[in-house]
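Please read the numbered points alongside the sequence and the model.

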Amino acid sequence: MINIHINGEATTLCKTSTMADALEQYVEAKSTFAAALNGEFVARDDYNHTQLKSGDSIDVMLPIQGG
């Protein structure tokens with residue numbers, strides 16, 4: 001098991017988890033969002049290939065609408 005943070009909230013995942021696995025638990029699949037791993041933006045196409053390790057921090061940014 002590994003311990004990571006998503007938007008500051010601690011969570012535990014299995015040690016083979018990818019960024020896609022972590023995001024699947026945090027945001028809806030069809031949501032529009034951007035995500036960064038340890039302060040570096042990660043392209044959506046790379047979520048399935050980005051292996052997480054204990055201590056990683058994911059920031060999820062959702063769009064803000066207004067008018």
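**Notes on the sheet and its helix**

1. Strand β3 (residues 34-37) and strand β5 (residues 57-61) run antiparallel and are joined by 4 bridges. Two strands are said to pair if DSSP finds at least two bridges between them; strands (E, at least two residues) and helices (H or I, at least four) are DSSP runs, numbered from the N terminus. Within this pairing, L37 has I58 of β5 as its bridge partner.

2. This is a predicted model, in which local features need pLDDT of at least 70, side-chain atom pairs count only at pLDDT 80 or more, and totals for chains, interfaces and linings use all residues. Residues are numbered from 1 along each chain as its sequence is written, and side-chain values use heavy atoms, leaving out hydrogens and water.

3. β3 is also joined to strand β4 (residues 40-42), antiparallel, by 3 bridges; here A36 has F41 of β4 as its bridge partner. The two strands form a hairpin with 2 residues between them, and N38 in the turn has a positive phi of about 50°.

4. The open sheet has 5 strands in the order β2-β1-β5-β3-β4, with mixed pairing. Its edge strands, β2 (9-13) and β4, each pair on one side only.

5. Strand β1 (residues 2-6) pairs with β2 in the antiparallel sense over 5 bridges, and I4 has T11 of β2 as its bridge partner. Helix α1 (residues 19-26) packs on the sheet, touching β1, β2, β3, β4 and β5, where contact means heavy atoms within 4.5 Å.

Terms used. Axes are lines fitted to C-alpha atoms, for helices over the stretch in contact, and angles run from 0 to 180 degrees between N-to-C directions.
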